[in-house]
Amino acid sequence: QVQLVESGGGLVQAGGSLRLSCAASRGTFNTYYMGWFRQTPGKEREFVVSISQSGGVTYYGGSVKGRFTISRDNAENTVYLQMRNLKPEDTAVYYCAASTNLIRAVREVAHWGHGTQVTVSS
(Lines give C-alpha, C1' and ligand atoms only; values in the text may rest on other atoms or scores of the structure.)
Protein backbone atom coordinates (compact mmCIF):
# COMPACT_ATOMS: atom_id res chain seq x y z
CA GLN A 1 0.00 0.00 0.00
CA VAL A 2 1.34 3.38 -0.93
CA GLN A 3 1.93 5.66 2.01
CA LEU A 4 1.01 9.29 1.59
CA VAL A 5 2.32 11.89 4.00
CA GLU A 6 1.09 15.47 3.87
CA SER A 7 2.99 18.44 5.16
CA GLY A 8 2.95 22.20 4.93
CA GLY A 9 -0.23 22.97 6.79
CA GLY A 10 -0.42 25.66 9.38
CA LEU A 11 -1.99 28.90 10.43
CA VAL A 12 -2.26 31.74 7.96
CA GLN A 13 -4.11 35.01 7.79
CA ALA A 14 -6.90 35.47 5.30
CA GLY A 15 -5.45 36.44 1.95
CA GLY A 16 -2.25 34.58 2.61
CA SER A 17 -0.73 31.56 0.95
CA LEU A 18 0.40 28.08 1.85
CA ARG A 19 1.89 25.25 -0.12
CA LEU A 20 1.01 21.73 0.89
CA SER A 21 3.12 18.76 -0.06
CA CYS A 22 2.24 15.10 -0.26
CA ALA A 23 5.10 12.63 -0.41
CA ALA A 24 4.48 9.08 -1.56
CA SER A 25 6.52 6.22 -0.22
CA ARG A 26 6.77 4.09 -3.33
CA GLY A 27 8.28 4.41 -6.75
CA THR A 28 5.07 3.84 -8.73
CA PHE A 29 3.88 7.35 -8.01
CA ASN A 30 3.63 8.11 -11.71
CA THR A 31 0.91 5.45 -12.11
CA TYR A 32 -1.46 7.29 -9.78
CA TYR A 33 -3.93 10.03 -10.23
CA MET A 34 -3.38 12.28 -7.26
CA GLY A 35 -5.75 14.58 -5.54
CA TRP A 36 -6.50 16.75 -2.59
CA PHE A 37 -9.62 16.71 -0.45
CA ARG A 38 -10.55 18.67 2.60
CA GLN A 39 -12.85 18.14 5.52
CA THR A 40 -14.17 20.21 8.38
CA PRO A 41 -16.18 18.99 11.36
CA GLY A 42 -19.77 18.31 10.45
CA LYS A 43 -19.15 18.35 6.72
CA GLU A 44 -18.56 15.71 4.10
CA ARG A 45 -15.08 15.32 2.77
CA GLU A 46 -14.85 17.68 -0.17
CA PHE A 47 -13.01 17.27 -3.44
CA VAL A 48 -10.56 20.09 -3.98
CA VAL A 49 -8.41 19.25 -6.98
CA SER A 50 -6.79 16.34 -8.78
CA ILE A 51 -4.10 15.78 -11.35
CA SER A 52 -3.47 13.02 -13.86
CA GLN A 53 -0.49 10.71 -13.84
CA SER A 54 1.42 12.80 -16.32
CA GLY A 55 0.31 16.08 -14.83
CA GLY A 56 -1.39 17.07 -18.06
CA VAL A 57 -4.98 17.03 -16.84
CA THR A 58 -6.29 18.74 -13.75
CA TYR A 59 -9.74 19.00 -12.21
CA TYR A 60 -10.87 21.57 -9.71
CA GLY A 61 -13.82 21.50 -7.39
CA GLY A 62 -15.63 23.83 -5.11
CA SER A 63 -14.59 27.44 -5.26
CA VAL A 64 -10.84 26.93 -5.38
CA LYS A 65 -10.16 27.25 -9.09
CA GLY A 66 -8.15 30.37 -9.68
CA ARG A 67 -6.79 30.33 -6.14
CA PHE A 68 -5.39 26.82 -5.76
CA THR A 69 -3.00 25.07 -8.09
CA ILE A 70 -2.06 21.42 -8.06
CA SER A 71 1.22 20.18 -9.45
CA ARG A 72 3.32 17.07 -9.22
CA ASP A 73 6.92 16.06 -9.46
CA ASN A 74 7.05 12.41 -10.37
CA ALA A 75 10.80 12.28 -9.94
CA GLU A 76 10.29 13.28 -6.31
CA ASN A 77 7.11 11.23 -5.78
CA THR A 78 5.45 14.38 -4.55
CA VAL A 79 2.28 16.28 -5.30
CA TYR A 80 1.80 19.88 -4.27
CA LEU A 81 -1.12 22.14 -3.56
CA GLN A 82 -0.33 25.81 -3.83
CA MET A 83 -3.04 27.76 -2.07
CA ARG A 84 -3.35 31.50 -2.56
CA ASN A 85 -5.82 34.11 -1.41
CA LEU A 86 -6.86 31.86 1.41
CA LYS A 87 -10.22 32.44 3.03
CA PRO A 88 -11.49 31.42 6.45
CA GLU A 89 -13.80 28.94 4.75
CA ASP A 90 -10.72 27.14 3.43
CA THR A 91 -9.97 26.06 6.97
CA ALA A 92 -9.97 22.27 7.02
CA VAL A 93 -7.89 19.18 7.29
CA TYR A 94 -6.45 18.62 3.84
CA TYR A 95 -5.97 15.05 2.70
CA CYS A 96 -3.79 13.74 -0.06
CA ALA A 97 -5.43 11.04 -2.17
CA ALA A 98 -4.34 8.54 -4.79
CA SER A 99 -6.03 6.27 -7.28
CA THR A 100 -5.14 4.40 -10.45
CA ASN A 101 -7.98 6.23 -12.18
CA LEU A 102 -9.57 9.64 -12.29
CA ILE A 103 -10.27 11.25 -8.94
CA ARG A 104 -13.28 13.52 -8.63
CA ALA A 105 -14.99 12.08 -5.56
CA VAL A 106 -14.25 10.30 -2.32
CA ARG A 107 -15.53 7.00 -3.71
CA GLU A 108 -12.83 7.07 -6.36
CA VAL A 109 -9.96 7.27 -3.90
CA ALA A 110 -7.93 4.16 -3.18
CA HIS A 111 -5.38 5.61 -0.77
CA TRP A 112 -5.46 8.45 1.72
CA GLY A 113 -2.85 10.41 3.54
CA HIS A 114 -3.16 11.26 7.21
CA GLY A 115 -4.08 14.87 6.61
CA THR A 116 -2.60 18.24 7.44
CA GLN A 117 -4.43 21.06 9.16
CA VAL A 118 -4.88 24.37 7.40
CA THR A 119 -6.31 27.17 9.48
CA VAL A 120 -7.13 30.53 7.97
CA SER A 121 -7.81 33.26 10.47
CA SER A 122 -9.48 36.62 10.14
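Leaving aside neighbours within four places in sequence, Asp 90 is in contact (heavy atoms within 4.5 Å) with Arg 38, Arg 67, Phe 68, Asn 85, Val 118 and Val 120. The model is predicted, so local features need pLDDT of at least 70 and side-chain atom pairs count only at pLDDT 80 or more, while totals for chains, interfaces and linings use all residues. Residues are numbered from 1 along each chain as its sequence is written, and side-chain values use heavy atoms, with hydrogens and water left out.

Asp 90 sits in the loop between strand 8 (78–83) and strand 9 (92–99), strands being DSSP runs of E, at least two residues, numbered from the N terminus. At 0% relative accessibility, Asp 90 counts as buried (under 20% relative accessible area; exposed is over 50%, partly exposed in between, with a 1.4 Å probe and protein chains only).

The structure holds three salt bridges, each a side-chain nitrogen of Lys or Arg within 4 Å of a carboxyl oxygen of Asp or Glu. One of them joins Asp 90 to Arg 38, with the closest N and O atoms 2.8 Å apart. This pair links distant parts of the chain, since Arg 38 belongs to strand 4 and Asp 90 lies 52 residues away. Another salt bridge pairs Arg 67 with Asp 90 (2.7 Å, N to O). Arg 67 lies in the loop between strand 6 (58–60) and strand 7 (68–73), so this pair ties together parts 23 residues apart in sequence.

Arg 38 also meets Glu 46 in a salt bridge of 2.9 Å, N to O. Arg 38 is buried at 7%, whereas Glu 46, at 30%, is partly exposed. Put together, Arg 38, Glu 46, Arg 67 and Asp 90 are linked in a network of salt bridges.

Notes: Helices (H or I, at least four residues) and strands (E, at least two) are DSSP runs, numbered from the N terminus.
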